[in-house]
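Thanks for coming. Please have the structure open as we go.

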Amino acid sequence: MSTSKIIEAARELLGVPFVHQGRTLNGIDCIGVLVYCASKIGINLVDKPTYCYPENSHQLIDELKFQLDEVPVSSKQSGDFVVIAIGGVPRHLALLTPRGMIHTNDNVGKVVEQLISEAYEKRIHSVWRLK
């Protein structure tokens with residue numbers, strides 16, 4: 001797996017509108033970023049769009065365990081995906097880059113690359129690496 005190719009694929013998505021459960025260049029969500037990046041480097045992930053509903057709040061972690069390798073938070077590096085807790089629940093996914101992270105930012109309504117703020121850093125729940 002090439003970290004630079006994953007980041008390159010994610011940067012293709014910068015500016016794509018945020019659409020919940022979106023999986024295309026017309027609109028994408030945080031899991032869509034992972035699915036897109038993986039497919040660009042030849043990895044086909046099983047995609048279950050019900051991951052974030054309240055009754056399935058831990059399904060995101062369950063699916064990641066099935067398809068990616070978990071690494072210690074202290075070992076996170078560019079090219080890893082981090083799960084971010086929202087309201088104490090693991091609900092959001094971002095790709096780490098040398099500049100910070102690429103993710104769907106619903107505050108601005110699109111995929112962005114931004115620095116990891118202290119608030120985001122404190123909410124990192126777990127770290128995942130493509131196999």
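When I say that two parts pack against each other or are in contact, I mean that they have heavy atoms within 4.5 Å. Bear in mind that this is a predicted model.

Start with helix α1, which covers residues 3-11. Which of its residues are buried? They are I6, I7, A9 and A10. Around the helix axis these four span an arc of only 160 degrees, so they lie on the same side of α1.

Next, what do the buried residues of α1 pack against? One partner is a helix, α2, at residues 30-40. The others are strands: β4 (81-86), β5 (89-97), β6 (100-105) and β8 (124-130).

Now the helix pair. The axes of α1 and α2 are 9 Å apart, and the packing angle is about 125 degrees. The crossing of α1 past α2 is right-handed.

Which residues meet there? From α1 we have I6, A9 and A10; from α2, Y36, C37 and K40. Sorted by class, this contact has five nonpolar residues, one charged residue and no polar ones.

Last, a look at the loop between α1 and β1, where β1 is residues 23-24. Q21 is found in that loop. Its phi is near 65 degrees, a positive value in a residue that is not glycine.

Conventions: Residues are numbered from 1 along each chain as its sequence is written. This is a predicted model: local features need pLDDT of at least 70, side-chain atom pairs count only at pLDDT 80 or more; totals for chains, interfaces and linings use all residues. Side-chain values use heavy atoms; hydrogens and water are left out. Buried means under 20% relative accessible area, exposed over 50%, partly exposed in between (1.4 Å probe, protein chains only). Helices (H or I, at least four residues) and strands (E, at least two) are DSSP runs, numbered from the N terminus. The arc is that of the directions from the helix axis to the C-beta atoms. Axes are lines fitted to C-alpha atoms, for helices over the stretch in contact, and angles run from 0 to 180 degrees between N-to-C directions. A crossing is left-handed if the near helix is turned anticlockwise from the far one by less than a right angle, and right-handed if clockwise. Ala, Val, Leu, Ile, Met, Phe, Trp, Tyr, Cys and Pro count as nonpolar, Asp, Glu, Lys and Arg as charged, and the others, Gly among them, as polar.
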